[in-house]
Amino acid sequence: QVQLVESGGGLVQAGESLRLSCAASGSILSINFMGWYRQFPGKQRELVASISSDESTNYADSAKGRFTISRYNAKNTVYLQMDSLKPEDTAVYYCYAVVRIGIMSVFRDYWGQGTQVTVSS
């Protein structure tokens with residue numbers, strides 16, 4: 001079993017920064033892909049940023065230039081540094097990972113429980 005545990009959400013004012021962390025634990029052989037998604041009320045989850053095992057990154061247009069995703073493989077952790085936050089960034093942020101597990105070395109995807117980010121104007 002694999003768990004993703006997020007931390008770092010909270011309430012900040014516009015223009016401030018937050019750093020989200022997501023640590024994966026369990027019977028992990030390797031982690032291929034890690035990402036951060038967010039969900040607005042009544043909407044589907046959308047990709048914010050992702051990072052692959054080769055450290056290549058991808059960002060939503062709304063995140064480019066303000067957010068930075070990184071990973072620390074030794075601790076199976078992914079981070080999202082969010083700077084210059086705006087009220088429209090207010091959402092629940094979810095960590096996502098594609099993990100290689102088990103004797104058969106198969107890939108499975110997992111979600112964190114979500115962390116609330118609220119940006120006041």
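For charge counts, Lys and Arg are positive and Asp and Glu negative, with His and the chain ends not counted; each charge is placed at NZ of Lys, CZ of Arg, CG of Asp or CD of Glu. On that basis the protein chain has 11 positive and 10 negative charges, and their mean positions lie 5 Å apart.

This is a predicted model, in which local features need pLDDT of at least 70 and side-chain atom pairs pLDDT 80 or more, while totals for chains, interfaces and linings use all residues. Residues are numbered from 1 along each chain as its sequence is written, and side-chain values use heavy atoms, leaving out hydrogens and water.

**Fold**
- The protein chain has 11 strands and zero helices (DSSP runs numbered from the N terminus: E of at least two residues for strands, H or I of at least four for helices).
- Of contacts (heavy atoms within 4.5 Å) between residues at least 6 apart in sequence, 55% join residues at least 24 apart.

**Dimensions and surface**
- The C-alpha trace spans about 50 × 25 × 20 Å along its principal axes.
- Of the 121 residues, 41% count as buried (under 20% relative accessible area, 1.4 Å probe, protein chains only).

**Asp 89**
- Asp 89 sits in the loop between β8 (77–82) and β9 (91–101).
- Its relative accessibility is 1%, so Asp 89 counts as buried.
- Leaving aside residues up to four places away in sequence, Asp 89 touches Arg 38, Arg 66, Phe 67, Ser 84, Val 117 and Val 119.

Technical notes: Buried means under 20% relative accessible area, exposed over 50%, partly exposed in between (1.4 Å probe, protein chains only).
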